[in-house]
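Visitor: Could you take me through this one slowly? I'm still new to reading structures.
Guide: Gladly, and we can begin with a term.
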Amino acid sequence: MEGPTPVSALIHAATMVTAGVFLLIRGSFLFEHAPNVLFFISIVGAVTAVFAATSGLFQNDIKRIIAYSTCSQLGYMIFACGLSNYQVGFFHLSNHAFFKALLFLGAGSVIHAIADEQDIRKMGGFKNLLPFAYAVFLIGSLALIGFPFLSGFYSKDIILENAYAHYNTVGVYIFWLGLIGAMCTAFYSIRLLLLVFLTNTRIYRIVMLNIHEGHFGIFVPLFCLAIFSIFSGYMSADFFTGFGTDYWNNVIFIIPQNYFLYDIEFIEFYKGLPLIFVFIGVIGAILCCSIFNKLFYKFKLNTKFRLVYNFLSKKWYFDRIYNELIGQKLLNFSYYFAYKNLDRGFIEMFGPTSITNILYSGTMLFKDIQSGYLYHYLNLFIFGVCGLILFTLFFSIFINKLVYLLIVVCMLALSESAHFYLTEF
């Protein structure tokens, strides 16, 4: 999380990491004829949503928490596409662009205000010190968790309802995974709000004396993004997902038997479950991080819960597994094979090292010849002249024999040609 927050907002909100979702949408005409691929996409998306949401539960870097929420929301978009809800996936992508950019830029405003500190354990009490940052962060967090009538509510709710509307094992499985992801999202979003803005401050005195809001150039984009985070879902729901909308034209292809968008109107009890799970996550965050904060801290010291806490905060140990079982093995293989045996072995033996050793040995030989005695130089001169004479004689004899051989070959060739000419004519 070392990148600048404007770069993070651009990459995480609407460009690089969401490009795969756009690719799935544009390739709908291919995926619709491959049901096994759609099944795989939906399962991977649902598992990703839960994995990223649980990994962000106990993170302490303010930008890392928002980054894990990006991975979780990408999981929602992916499994929406896997269930042939391409227009709904894009709807969530467009809403996500606004509130995720708002969160990243709001985090940048907070980081800038407190001397580039990103650890939320060293923050707190910023509600009155940074009221504008608190307001935009509150709007972005509520939109992220799917609070009613904000932008995230419309897209996330329709994704989960459509998953259950498939009325099959995969749809119900993905529906419940999505509910767990929504609950975890609500937990870490409210936890972030509480530890940064609403609890007692934990910053240093010198930072407290110099804390300040951003300048006008920070206010304008945050205000615009906050407006879109509130109204974009309501204003564009029918535009993207309404019946009879001509926005998509021929861009999206869906086989009729895979279209279940109209079935969500017949779900009764399950329509309210996403909101119930969101409130469970909100209440859990308030209890653990505010009301029963000390009790929760003692609970974290428990050996069994600490295993779960470390498992989630260490991202399910995926980094450790990857580094130790894959990355380190590849590094060792490349070191012993490519570096020691190939680069420093074979190539050096027949390449630079060999040439260097030959040149060094030759120079040492010529160095020993330069003894400084006149009779040594005279002997070398005599040997050199004799060698030159022998070489010249041998070379001249060789040249003469070669010339004779060429003359004989030419005469034979001419005689064969003459014999052929006479026999033919």
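Guide: Helices (H or I, at least four residues) and strands (E, at least two) are DSSP runs, numbered from the N terminus. This is a predicted model, in which local features need pLDDT of at least 70 and side-chain atom pairs count only at pLDDT 80 or more, while totals for chains, interfaces and linings use all residues. Residues are numbered from 1 along each chain as its sequence is written, and side-chain values use heavy atoms, leaving out hydrogens and water.

Visitor: Okay, what follows α14?
Guide: After α14 comes K315, whose phi is positive, near 60°.

Visitor: And which residues of α14 are buried?
Guide: In α14, which spans residues 303-313, the buried ones are F305, Y309, L312 and S313, where buried means under 20% relative accessible area, exposed over 50%, and partly exposed in between (1.4 Å probe, protein chains only).

Visitor: Which residues are exposed on the other side of α14?
Guide: T303, K304 and L307 are exposed there.

Visitor: Switching topic, how many salt bridges does the structure hold?
Guide: There are 3, a salt bridge being a side-chain nitrogen of Lys or Arg within 4 Å of a carboxyl oxygen of Asp or Glu. One of them joins E161 and K271, at 3.1 Å from N to O. E161 lies in helix α8 (residues 151-164) and K271 in the loop between α11 (216-241) and α12 (273-291), so the pair ties together parts that are 110 residues apart in sequence.

Visitor: What does K315 form a salt bridge with?
Guide: K315 pairs with D319, their closest N and O atoms being 3.0 Å apart; K315 is buried at 18% relative accessible area, whereas D319 is partly exposed at 39%.
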